[in-house]
Amino acid sequence: MKRAVVLSIRGRQCYAEQDPEVIELVTEGTMEFTNGGWDITYEESDLTGLAGVTTTFRVEPGKVILTRRGALNSRMVFQEGVSHDSLYEMAFGALMLTVKASSVFYDIVPDGGVIDLVYHIDIENTEAGVIDYHLDIRSK
């Protein structure tokens, strides 16, 4: 059964020799337990620069999968210490991303929970930086 939730999202991106960029967002979404894992879904906004995109964090034993659909399409898999390639498809073209999570933590229960991800990202085989996400999920 889908449950309405409030998501507090904090993303911090550290790219080579630039000041970290921090995005904080509070939005409404849904969470649902299905096929042995949790799906936490929300609509992106102009604030994130991804208006027209639906984002889903899929939490399964040992990994988190971030899927985006709409104006941008991608699927990134986060498993501690494991590199995963992902095609990042946008209207004007596609990029090959490689993500390698250094930390994957989640604690999800029917009333909400938390997801913490820290990962290194390479864009087209060039080291781009480190990104960390913190999601706090609360029942509405």
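**Figure 1. Aromatic cluster of Phe57, Phe78, Tyr119 and Tyr133.** In this predicted model, Phe57, Phe78, Tyr119 and Tyr133 form one aromatic cluster. Tyrosine 119 is buried, with a relative accessible area of 2%. Tyrosine 133 also counts as buried, at 12% relative accessibility. Across the model, the count comes to four aromatic pairs.

Figure 2. Phenylalanine 33 and tryptophan 38 form an edge-to-face pair, with 5.1 Å from centre to centre and 65° between the planes. Tryptophan 38 is buried, with a relative accessible area of 14%, whereas phenylalanine 33 counts as partly exposed at 46%. The cut-off for buried is under 20% relative accessible area. The pair of tyrosine 119 and tyrosine 133 is stacked, because the ring centres lie 6.4 Å apart and the planes stand at 25°, and planes under 30 degrees apart count as stacked. This pair links distant parts of the chain: tyrosine 119 belongs to strand β9 and tyrosine 133 to strand β10, 14 residues apart.

**Figure 3. Strand β4 and its two partners.** Strand β4 covers residues 53–60, and six of its eight residues are buried, so the strand is largely enclosed by the rest of the structure. On one pairing, strand β3 (residues 37–43) and β4 run in the antiparallel sense over six bridges. Here tryptophan 38 stands opposite valine 59 in β4; tryptophan 38 is also the partner of phenylalanine 33 in the edge-to-face pair. On the other pairing, β4 and strand β5 (residues 63–70) are antiparallel over eight bridges. Phenylalanine 57, a member of the aromatic cluster, stands opposite leucine 66 in β5.

**Figure 4. Hairpin of β4 and β5.** Two residues lie between the strands of this hairpin. Glycine 62 takes a positive phi near 85° in the hairpin. Strands of a sheet pair through backbone hydrogen bonds, either parallel or antiparallel. For β4 and β5 the sense is antiparallel.

Figure 5. The barrel is made of 10 strands, which close in the order β1-β2-β3-β4-β5-β6-β7-β8-β9-β10 with antiparallel pairing. From one strand to the next the twist averages 25°. β1 and β10 pair in the antiparallel sense over 11 bridges. Glycine 11 stands opposite tyrosine 133 in β10. Tyrosine 133 is the residue that forms the stacked pair with tyrosine 119.

**Figure 6. Largest pocket and its lining.** The largest pocket has a volume of about 480 Å³. Its lining consists of 23 residues, and Gln13, Leu50, Arg68, Tyr88 and Tyr133 lie nearest the centre. The elements that give two or more residues to this lining are β1 (3–15), β2 (21–34), β7 (83–90), β8 (93–109), β9 (112–123) and β10 (126–139). β1 gives the most, with four residues. By class, the lining has 16 nonpolar, four polar and three charged residues.

Conventions: Residues numbered from 1 in each chain as written. Predicted model: local features only at pLDDT ≥ 70, side-chain atom pairs only at ≥ 80, totals over all residues. Heavy atoms only, no water. 1 Å grid on protein atoms, 1.4 Å probe; cavity = no way out; pocket = protein on both sides within 12 Å on 5 of 7 lines; lining within 4 Å. Points joined across faces, edges and corners; volume = space filled by probe spheres on them. Nonpolar A, V, L, I, M, F, W, Y, C, P; charged D, E, K, R; others polar. Pairing = 2+ DSSP bridges. Axes fitted to C-alpha atoms, helices over the stretch in contact; angles between N-to-C directions. Phe/Tyr/Trp six-rings, centres within 6.5 Å; stacked < 30°, edge-to-face > 60°. Buried < 20%, exposed > 50% of the residue type's maximum accessible area, 1.4 Å probe, protein only.
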